[in-house]
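Welcome, and thanks for taking a look at this one. Below is a short briefing to read alongside the sequence and the 3D view.

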Amino acid sequence: MIGQDILMVLTILMFLSATGYFVYRMLPIFRVMQQARSTNRLDNWPKRLSFMLGQVFGHRRLLRIRLSGILHFFIFSGFVILLIDIVSAIGQVFDPHLVLDAPLAFVVDLWALLVLVGIALAVYQRAVLKPERYHGSDERDGYIILAMIAVIMIGIYLHESFYPFAAPYLFHVHAALNPWGFVSYAMGHLWIQMGLAHNAAVAETGYILGYLLDIGMVFAFMAYLPTSKHLHIFLAVPSIFLHKTRPYGELVPPMQKEDESMAIRTFRDMNWKDILDLFTCTECGRCQAVCPAHAAGQPLSPKMVILELRDALRKELGGGEPVPLAGGAVSAEELWSCTTCGACQEACPVFIEHVPKIAGLRAALLEDGEVDKNSQKVLVGWDRQGNSFGQPQRKRPAWTKVLDVPIKDARKEPVDWLWFVGDFASYDPRLQELSRLVAQILERAGIDFGILYEGESNAGNEALRMGEFGLFETLAQKNLKWLEKAEYNQIFTTDPHSFNALRNEYRKFGFEKPIRHYTQAFLDLIEQGRLSPSPLGIRVTYHDPCYLGRWNRVFDAPRQLLEKMGVELVEMPRHGANSFCCGAGGGRIWMEEVGIKERPADNRIREALTLDAVNYFVVACPKDMSMFSAAVQSTGSEDRIKVVDVAELLAQAVGLSVPESAVAMK
Amino acid sequence: MRIAVLMKSVPDLVEDIALDEDSGQVLFDEMTYVPSEWDDQALEEALLIKEESGAEVTAVTVDTGDSDNILFTALAKGADHAVKLVGDYDPSLTNRRRAQIFADYLRDQAFDLVLSGVQAIDDIDGQVPGLVAGIMGWPHASVVTEVHSKDKGVVLRQEYAGGLVAEIEASTPLVIGIQAARKPPRYASIAKVRQVAKTQQIEEVEAESPDVPTLAVRRFYKPVASGHAEMIDGDVEEVASRIIEILQERNLLRR
Amino acid sequence: MGPILMVMENGEAGFTDSSKELVAKARELADTLGTSSVAVGFGPDAESHLRHLPVDRGIAVSNPELSQYNPLAYEKALSKILEDNQPFLTLIPNTTMGMDLGAGVAARRSLPLVAYCSELTVEGRDVVATSQVFAGKLMAEIALPESGAVITVVPGAWSIDTGSGDPEVSVTSVEISQAMNILQTIEPEKGDVDITKADILISVGRGIESPDNLPMAEELAEAIGGVVSCSRPVVDAGWLPKARQVGKSGQTVKPKLYMAFGISGAPEHQQGMRDADLIIAVNTDENASIMDIAHYGTTVDMLELMPALTERLRGE
């Protein structure tokens, strides 16, 4: 009787102290969340719920790295099963008659085994495979956690296997080994053979030891969690439920107060989900593994940004003097290295949003006047001339001059399609030829289209991503002046960056006109029979632009378009949502390349070169044309691969003469 | 140390200069204006002095209709005060008159140091700091690239042809024409400028229009393309080939 | 009418070229207008230098300290000379000294200032000055008032008079204020190359966009057997050392070939390179000032042209 009482008291004490400590450690975090900015993450909850279930039980993202996903599934499912064991083990102490039914006992034993296998694989992964993505993570924490879980599993087997022998003494009930609990059954028989089973002291000790290793360790685990990456056990599921749904490509939500800035200076300037993100991070490094800046050898790792912020917050909560977040906790070099390609967010199994935090921290740097001097010129150019080239506004439509048929001025007459051209396609002499080709394709298809001439300014996508919200707003207002006045049915653009801004960022000004990327629009035209391409019969690979693919989920249209042109598409290993950034986004195209070991665009071209008999690298973004043409040169692969724009291919397929000076022909 | 930075805007040279070729007049009202880049350099140097050894920086403009943005930007970058000298002035205001207006204001203020851009592109006598100093009878130095506060005065660097530099010790009060600051001018984000515009005040000071020596400009004209280059047309490859030909003709190639 | 006065700047050996360029023009004006030409020099050697100049009269301010330029001392001395001599025109080279003295003296003497003057002519009763404004994009034609003016003259505007004369030179000295002292003179870092000695210069300006593109220029320079020079913005951005800068505050060069890539050609830059034998300018703006003094020009993208040239030079 005394043994049971001690166990009961001990269990209650352990429970109280562990939960008490857990709450004590968690409360400050929740207080910070309360003080942070608001964000609505509870809209459309049924959809969120089903999405969450798919991610949690389907392990969709985790399984992208096979071994890692499988071993996580073993351990994760073990935790679900563990709940059964906790209930039964604790229940037994309080009511000895509680015994697991046969199938449940089988499940518990089987899963404990799977968890142990998972742990073995995890150790193998950490110690032998040593993926680079773990660089910078707390490896010790990882091993401690794995050891704790292993101990719990051993504890389960131990107390189960000694229970029938200890029960008569401890609980004054009789119990037998349950063959369904096959591992503990086998162990029980081992104890009998070893003569340990019928020694009261040994049986009691074995049971209590097993119980403490199991339940005691569970409580110890709970107390350990708040200072460990394994807090994700509690936070990952809610974090996935609370994932961002408002247009994914929208970086900054509408400001809630008039003077609100996007700059993140303190933790109060983040929203509460941002704070949650910091403690949800599992340090798995999947973001780091896909980050183009990290791959280029730059000082950025999205994982470290999160961890550095988390550590800074922990220090603050521990009474430490707050450090500046931008340029302090996270260095300016890290922040300016980001291309805002979004690969990190796409890879994160717990749906952490890295890019808005980086942009917010950049905004703080910018407010202090700290910005790369090259990009400062670009910001000034946008402000004064509305373009990144520092060219006069009046020269924006200069590329149209040599066209046979003049393009309509959408400011003066109604058009069906309003073409938003963008800076690069308007001003870059190398790309103007391409713009003229697009105009000819539209004419061929009989589209009634127009442009805004000098009335168009840069859309502001990059200004916003450089942290210059005010400039973005100024540019947006300039464009909206005409976008709202002009008469048209839909917007058309070749530029994914403009596409993203007009589609996702201008919503905060109440602008919601339909917009099509040229790959979508051209596909429509072919399907409507307005363009009839003849097969080109070439083998190509296609590069998904970040702002078309990842941020706007347009993956199929370009591929279908290629198919309609009789083009055989060979995918690069990294394609679709896992596409690898060209390195230009987020203002990077204008910044100094300091400490870059391999440019992302060069890395990408080398990836394309591994494909068998692929001679064309198809792009669907003016910046890509610029970046990859340079990369083909710098990797010296002019003889092996040509960068072509999808519009050039279409022009050829519909029999337009593609000028010598067009990029493809070089 | 109290520093005044004299600032102005000039026509944006990225755009064409609005010139009525018949009358030979520059159409000042038809151009877009940007802050004079040398003045930006002067402000930056003033802010660097402030950061290095403490100073109170006041940005001063003559209101020709577009001063507010310049002044709020200066405040956003870290200037302590902004002063706008108001009167019936428009963008065609000559620098000589501007200098006189500045000087009339500065005379009554206890500034130790007056910085401004070494020159401005928009006038026949764009060297505002020298004019201001001459009017006030203060010592001055132009084409300066570095100023440090030292003891009761400053140590500055003046640049000469050939990259020669003199380090000069000068006592205050002093007027300095800045050619370039030690560091490229900092950025003022639009949000910051807007925020400053809401929270900080520009001090307005009435300034009378003084009489100054004037020049009668007969006409402005575009430089005659007497020596305009012979343009080589074509795409990059054609141009490159033609250039090589020219160099060969003139025996400028090694082989 | 008062005399035509010119201010001579001290160089390494005697007066600088840009001040000697003033002499013939001053004499021509003086002859036409029926007045005299007066040259002002500073420092203990000024007297002997002035004695050989083909001018009517010389004034030497002989304080030993003034062999080196001192903004305050020069300005005070010159103001006094202007007060005593009441010249019609005061010509000063548009150098650092000219920028200091021109504005300062004009304001002190209540005279108008004409900066960046590139020509002075007599038309009937008027003396007409031509001045570069808007960074050389426009010229202004000014009829000078009878009360006179202070004029700073763009170096290279006129040619040097090689003749000599025997003017009477009056020697004077001034009290030197301690409000401004030269602590030291710093020679420019010589750097690895001397761009003034190079036959071929590949010169880059703002159009280079980023330091990442500099290797392109270096490669071209290597292929053509020249060296890379630049305009002021490139030095200000810290991308190339000061020793590579061509222009008013940099080096004056006279190579056989000067290729200007992405340089708009502000007057300050032109001062340093206009005498090159052959100038080829690459600039997206066909109307950039550099095109006015270049022999050949093109508007193609310099970042594409440079490698294309390099390739051809290496291939040959």
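Helices here are DSSP runs of H or I with at least four residues, and strands are runs of E with at least two. Please keep in mind that this is a predicted model. The points below go through chains A, B and C in turn.

**Chain A: annotated spans**
- An unreviewed UniProt entry annotates "transmembrane region" in chain A at residues 6-24, 70-90, 110-129, 141-159, 171-192 and 204-225.
- Take residues 6-24 of chain A: this span is 100% helix and 0% strand, and its end C-alpha atoms are 26 Å apart.
- Residues 141-159 of chain A are likewise 100% helix and 0% strand, with 27 Å between the end C-alpha atoms.

- Chain B contains 6 helices and 15 strands.
- Along the principal axes, the C-alpha atoms of chain B occupy a box of roughly 65 × 45 × 40 Å.
- Of the 255 residues in chain B, 51% are buried.
- Among chain B contacts with a separation of 6 or more, 71% join residues 24 or more positions apart.

**Chain C: two domains**
- Chain C splits into domain 1, residues 4-172, and domain 2, residues 195-315.
- The centres of domain 1 and domain 2 of chain C, taken over C-alpha atoms, are separated by 32 Å.
- Where the domains of chain C meet, 8 residues of domain 1 are in contact with 6 residues of domain 2.
- On the domain 1 side of that contact in chain C, there are 4 nonpolar, 3 polar and 1 charged residues.

How values were computed
Residues are numbered from 1 along each chain as its sequence is written. Chains are lettered from A and ligands numbered from 1 in the order in which they are written. This is a predicted model: local features need pLDDT of at least 70, side-chain atom pairs count only at pLDDT 80 or more; totals for chains, interfaces and linings use all residues. UniProt positions are given in the numbering used here, feature names are shortened, and annotations may be inferred rather than shown by experiment. Domain bounds come from an automatic or database domain assignment. Two residues are in contact if their C-beta atoms, placed from the backbone, lie within 7 Å. Ala, Val, Leu, Ile, Met, Phe, Trp, Tyr, Cys and Pro count as nonpolar, Asp, Glu, Lys and Arg as charged, and the others, Gly among them, as polar. A residue is buried if 20 or more other C-beta atoms lie within 10 Å of its own, exposed if 12 or fewer, and partly exposed in between; C-beta atoms are placed from the backbone.
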